[in-house]
Every structure is written in structure tokens, then in C-alpha cells.
Amino acid sequence: EVDRLLRSPEGDVGQAVRRVVLATRNLAVSMAPVDDGPLRASLRTKFEYGSRAVKGWVYSDLEYSIYVHEGTGIYGPKGQPIRPKRGQYLVFEARNARTTPRGRGNLVFAREVRGQRPNRFLLRALQAASPWPVDDTVIYT
């Protein structure tokens, strides 16, 4: 009975973890930045019920989600501006640029860019949903 209580999906611990993970996902969906919506739509949950622990995850399998969450350039883990690897300029389409008749917006040429500030929406969602204390350490597996 103790084993069922602590380690099974139907046990009290499993149900508590499930509630927190699902609440975290729902909050993260509402807190995630939205451009076209793929990041919000990609948020998933996963559960693991083992002999030593009950675990739950909220995650996205989109390649860029880590960059949104942790930031890039001077705001990211490296703390350095983003510079071109080849050539002299980074070239990208200006955000919110009016589209020209050929279907291309205004191109931007830059020697470096500062990057994107982190948006730690998953961490904020977990802190809001969890009845237990949550520090700002993020673990990636």
C-alpha cells in the first residue's frame, strides 16, 4: 500500500505531481511568447513513475525554445554579442517590416547584434503552479 501511495500514478504522490505538471503546462501556454504560435502549441508533458521517484516534465521539442527561454547573445549563457561566422555581416529580414511587391521585407545588415533577452516562462509557470518552493535553477535533460 505504501508503494502504491508513493510510486504509482494513482497514488497521492503521483497525483500531486500530475496536478502540478499539468497546471505548469497550462500556465506556460498562457505565458509563452507568441509570434505565430508554434512554441505554445509545442508544449508537452511527460511522467515517469519509478521505484525511486515520481517525475514530471513540461517541455518543447522545438529547436529554438531553449533560446527563447534562456536568451541569446549578451543576454544568454555566453554573454557575448552575436557576430557572423562567415562574412562581414549578419543579414536578416527586419521584424514587422512592410512587405515589398516581391514578397520580401526590408533586409538588415549588421556587424553584430545584442541578442534576445531570456523569457523564462516555463520557470515562472512552475513557480506559480507548485505548492513547493522552486528556485531559479533550471535543469535540462
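1. Three elements, helix H3 (38–41), helix H4 (65–70) and strand S3 (90–93), each contribute at least two residues to the lining of the second largest pocket. Helices (H or I, at least four residues) and strands (E, at least two) are DSSP runs, numbered from the N terminus. The pocket has a volume of about 550 Å³, and 17 residues line it, with Pro33, Asp35, Val68, Arg95 and Gln116 lying nearest its centre. A pocket is here an open set of points on a 1 Å grid over the protein atoms alone, where a 1.4 Å probe fits, with protein on both sides within 12 Å along at least five of seven lines; lining residues have an atom within 4 Å of a point. Grid points are joined across faces, edges and corners, and the volume is the space filled by probe spheres set on the points.

2. The structure is a predicted model, in which local features need pLDDT of at least 70 and side-chain atom pairs count only at pLDDT 80 or more, while totals for chains, interfaces and linings use all residues. Residues are numbered from 1 along each chain as its sequence is written, and side-chain values use heavy atoms, with hydrogens and water left out.

3. In helix H5 (residues 121–129), Phe121, Leu123, Ala125 and Ala129 are buried. Buried means under 20% relative accessible area, exposed over 50%, and partly exposed in between (1.4 Å probe, protein chains only). The cover over these H5 residues includes H2, H3 and H4.

4. Threonine 24 belongs to helix H2 and, at 4% relative accessibility, counts as buried. Leaving aside residues up to four places away in sequence, threonine 24 touches Val58, Leu122, Ala125, Leu126 and Ala129; contact means heavy atoms within 4.5 Å.

5. Serine 65, in helix H4, is buried at 12% relative accessibility. Its contacts, not counting residues up to four places away in sequence, are Leu39 and Ser60. Serine 65 and asparagine 119 are 54 residues apart in sequence and 10.0 Å apart in space, C-alpha to C-alpha.

6. The count of salt bridges comes to 3, a salt bridge being a side-chain nitrogen of Lys or Arg within 4 Å of a carboxyl oxygen of Asp or Glu. Arginine 120 and glutamate 70 meet in one of them (3.4 Å, N to O). Arginine 120 lies in the loop between strand S4 (107–110) and H5 and glutamate 70 in helix H4, so the pair ties together parts that are 50 residues apart in sequence. Arginine 120 is partly exposed, at 24% relative accessibility.

7. Arginine 83 and glutamate 112 also join their side chains in a salt bridge (2.9 Å, N to O). This pair links distant parts of the chain, 29 residues apart: arginine 83 is in the loop between H4 and S3, and glutamate 112 in the loop between S4 and H5. Arginine 83 is partly exposed at 47%, as is glutamate 112 at 41%.

8. A further salt bridge joins glutamate 48 and lysine 55 (3.9 Å, N to O). Glutamate 48 is partly exposed, with a relative accessible area of 35%; lysine 55 is partly exposed as well, at 38%.

9. On the surface, Val2, Leu5, Leu6 and Val13 form a nonpolar patch with about 290 Å² of accessible area together. Patches are made of residues with over 30% relative accessible area and no salt bridge, like charges being joined within 9 Å and nonpolar side chains (Val, Leu, Ile, Met, Phe, Trp, Tyr) within 5 Å. Accessible areas come from the Shrake-Rupley method with a 1.4 Å probe; for residues, only the protein chains shown count as cover. Helix H1 (residues 2–7) gives the most to the patch, with 3 residues. Valine 13 is found in helix H2 (residues 12–31) and is partly exposed at 31% relative accessibility.
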